[in-house]
Amino acid sequence: MEYGRVDLNLVKKVLGPKTQFEIGDMACVYGALLAGCKFFAGYPITPASELAEGAARLLPRVGGTYIQMEDEIASIAAAIGASWTGERAMTGTSGPGFSLMQENIGYAAMTETPVVIIDIQRTGPSTGQPTQGAQGDMMQAKWGSHGDYEIIALAPSSCQECLDMTIMAFNLAEKYRNPVLVMGDGEIGHLRERIVIPDKVDLTFRTLTDLPREQYIPFVPSKVNPGSKVPDFAPFGSGSHSYITGLTHNEKGFPSTDKQPDHDRLVRRIMEKITDDAEKLVKVEEYMMEDADIAVICYGATARPAQTAVEDARRLGIKVGMVRLLIAWPFPYSYFAKLSERVKKVLVPEMNMGQMVHPIREALDSKVKVYPMNKIGGETHLPVDILKGIKEVV
Amino acid sequence: MMETKAEVRETKGLDYERMRAKYLRKGMWPTIFCTGCGHGSVLDYTFWALEDLGLNMDKVVFVSGIGCSSRLPGYIEADGLHTTHGRSIAFASGIKTMNPELTVIVFTGDGDCSGIGGNHFLHGVRRNIDITVIAINNFIYGMTGGQLAPTTPRGAITTTTPYGNVENPFNMAEIAMAAGGSYVARWTVSHPYQPIKSIKDGIIKKGFAFIEMLSPCPTAYGRRNKLGEVQQLWNWYDDNTIPKEDYDKIMKFGTPQEQEAVSDKITVGVLQNIEKPEFTTEYKKMLDRVMKAKEK
């Protein structure tokens with residue numbers, strides 16, 4: 001049986017014209033279809049409902065399944081269950097639903113289940129402003145579930161990136177057998193702009209074991225890809241008789257809840273399979289940074305006013321550039337260590353009271369001055385806000 | 001015709017060695033269960049049901065949540081997904097929906113199913129997805145040491161109701177019936193043959209099958225409620241349960257005194273067995289329709 005294979009011609013036929021005017025949420029759904037996603041479990045929540053609606057409309061047309069679950073906990077649970085049949089599965093939500101999903105995100109990390117979660121962030125805490133965008137879940141994305149685990153989180157700044165990054169998210173989820181998050185926000189999710197459907201899509205698939213049941217050990221580093229710490233996968237129904245548990249387990253998958261070395265080995269491996277590749281996972285975009293003394297560090301929707309502000313400041317002769325995080329987690333520590341040698345000051349505009357500013361501050365040398373610029377309440381920074389900030393720190 | 005466990009044993013021989021080799025996962029023993037626990041019996045009944053059905057164990061997936069009963073998939077030589085507390089039916093729904101060819105069996109407990117997982121339980125039944133849920137009810141949160149469960153009888157002593165439980169308990173089978181369960185049965189572990197038949201029928205049933213098994217927990221429940229000896233709990237089941245047919249007859253034809261005498265008893269038997277549209281079948285029909293329409 002072939003798992004996760006996608007009929008790209010059929011998908012393209014279903015998606016329609018190559019160039020479209022679409023919202024970010026729908027662009028994520030497009031990306032999912034192009035990536036061969038076969039399963040979306042959802043629950044309505046503003047401003048992410050269009051993910052569920054789009055999946056419900058388009059997935060059946062390519063033979064996939066949309067199931068509406070009773071809540072977000074059930075949505076991610078169903079997606080993880082579906083992933084164990086060998087297919088690509090996802091869910092999507094916004095802040096309150098993302099909070100509800102945290103326990104099962106940890107479960108997916110612990111059981112090494114590939115799953116994609118789109119979080120169209122809105123303001124909080126609590127119900128907050130449902131229709132308003134924010135970047136309130138950036139820390140929750142990394143630290144939301146209890147215990148030690150690694151997460152991969154992407155941050156799109158445009159509708160095109162919603163599409164591209166959803167494809168990337170599936171590939172990374174499959175490669176590392178880990179939950180991967182697309183940290184959108186209400187601004188980008190509901191923004192409507194030009195998107196182009198790619199002609200060709202490069203897909204990565206989880207590595208399936210080629211061993212018979214007697215020789216297959218579910219939680220040892222890959223036998224197929226020597227050097228990889230990611231175990232080979234055996235879908236349910238393939239005869240491997242795998243036992244998968246969120247309890248600390250030994251390499252056979254059997255619970256081992258009172259042996260320190262087993263826990264240490266397991267948790268270090270599931271973290272190291274990602275941290276070992278940290279350099280490969282640095283995805284940072286620089287803009288006008290060649291001679292910059294000041295950097296505006298941003299991600300997601302904030303990159304858009306930041307870019308304009310940097311251009312305006314350049315016209316005033318200020319040597320400022322922009323650094324945009326495309327992958328927020330794992331955090332690109334090595335990049336920022338080097339950035340310390342290039343800039344004296346950094347501004348960090350965020351649509352929260354200061355989240356990614358913490359790892360930024362941690363990663364930069366202490367001689368670099370860090371200025372948070374926090375805007376909350378459901379509005380993006382205006383270019384003039386950021387320009388004002390740049391002028392103030394010059 | 002019902003083929004009883006006795007008949008199974010008679011026709012297929014008391015071949016426990018073969019049964020163990022086929023169904024038990026080596027390397028997971030011994031079990032975590034306490035002396036007098038009924039969970040092993042439920043596992044045994046499940047094995048006999050599977051043996052009767054002759055299912056290919058490569059295509060059977062066991063799913064569970066958290067608690068003593070949720071450890072059962074670990075002891076079975078098949079694919080198993082031991083998930084988070086209360087969410088087993090949601091995980092199972094994803095597996096079954098994505099691959100309807102798999103037989104999906106959920107082991108859950110009273111707290112896992114009707115406490116933290118109550119909403120998933122209701123919606124699994126409502127959706128009528130073709131999974132078989134075996135809910136082992138011991139009236140208590142056993143693994144955590146004996147706290148009040150949604151099923152704990154009124155007046156019972158638990159570690160969190162040290163002066164007696166003042167809450168009303170849930171009746172899980174009745175909830176499944178009210179939510180429209182295709183197949184709902186309730187037995188106790190002291191019924192040696194009927195659960196085998198019900199588990200078998202539940203697996204065959206195209207739809208959500210719910211089998212509640214009353215199972216003794218002498219350690220966490222019995223001990224504090226003058227039911228610490230295994231025999232006492234088995235006797236309690238005999239004294240406090242009534243076959244559904246008998247109950248219905250008494251309620252229809254009995255005297256007020258007779259009715260009063262059985263009104264608080266727990267009914268056992270096949271409580272509901274109805275035909276209704278099943279989720280994965282209906283989804284497949286819709287898919288075929290949509291895919292076909294698109295081709296035009």
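Select Ile244(A) to begin: this residue stands opposite Leu81(B) in strand 2 of chain B. The model is a predicted one, in which local features need pLDDT of at least 70 and side-chain atom pairs count only at pLDDT 80 or more, while totals for chains, interfaces and linings use all residues. Residues are numbered from 1 along each chain as its sequence is written, and chains are lettered from A and ligands numbered from 1 in the order in which they are written.

**Stop 1**

Now select strand 9 of chain A and strand 2 (residues 79-82) of chain B, which pair in the parallel sense over three bridges. Strands (E, at least two residues) and helices (H or I, at least four) are DSSP runs, numbered from the N terminus; two strands pair if DSSP finds at least two bridges between them.

Asn137(B) has Leu214(B), in strand 8 of chain B, as its bridge partner.

**Stop 2: the contact of the two chains**

Select next the side of chain A that touches chain B. The contact takes 39 residues from chain A and 37 residues from chain B, where two residues are in contact if their C-beta atoms, placed from the backbone, lie within 7 Å. The elements of chain A that give two or more residues to this side are strand 2 (37-42), strand 3 (65-68), helix 4 (72-83), helix 5 (95-111) and strand 9 (243-245). Helix 4 of chain A provides the largest share, eight residues. By class, this side of chain A has 21 nonpolar, 11 polar and seven charged residues. Here Ala, Val, Leu, Ile, Met, Phe, Trp, Tyr, Cys and Pro count as nonpolar, Asp, Glu, Lys and Arg as charged, and the others, Gly among them, as polar.

**Stop 3: two domains of chain A**

Colour domain 1 (8-196) and domain 2 (286-393), as the domain assignment of chain A gives them; such bounds come from an automatic or database domain assignment. The C-alpha centres of these two domains of chain A lie 26 Å apart. Their contact takes 23 residues from domain 1 of chain A and 21 residues from domain 2 of chain A. On the side of domain 1, the elements giving two or more residues are helix 6 (138-143), strand 6 (152-154), strand 7 (179-185) and helix 8 (186-190) of chain A. The largest share of that side, four residues, comes from helix 6 of chain A.

**Stop 4: two helices in chain A**

Select helix 2 (residues 24-34) and helix 7 (residues 159-176) of chain A, whose axes come within 7 Å and cross at roughly 30°. Axes are lines fitted to C-alpha atoms, for helices over the stretch in contact, and angles run from 0 to 180 degrees between N-to-C directions. That angle makes helix 2 of chain A roughly parallel to helix 7 of chain A. Angles under 35 degrees count as roughly parallel, over 145 as roughly antiparallel, 65 to 115 as roughly perpendicular and the rest as oblique. Among the residues that meet are Ala27(A) and Tyr30(A) in helix 2 of chain A, and Leu163(A) and Ile167(A) in helix 7 of chain A.

**Stop 5: a sheet with helices packed on it**

Finally, select the open sheet of five strands in chain A, with the order 10-12-11-14-15 and mixed pairing. Strand 10 (284-287) and strand 15 (369-374) of chain A stand at the edges, each with a single partner strand, so one side of each is left without a neighbour in the sheet. Strand 10 of chain A pairs with strand 12 (residues 320-325) of chain A in the antiparallel sense over four bridges, and Glu285(A) stands opposite Arg324(A) in strand 12 of chain A. Helix 10 of chain A packs on the sheet, touching strand 10, strand 11 (294-298), strand 12 and strand 14 (345-350) of chain A. Helix 13 of chain A also packs on the sheet, touching strand 11, strand 12, strand 14 and strand 15 of chain A.
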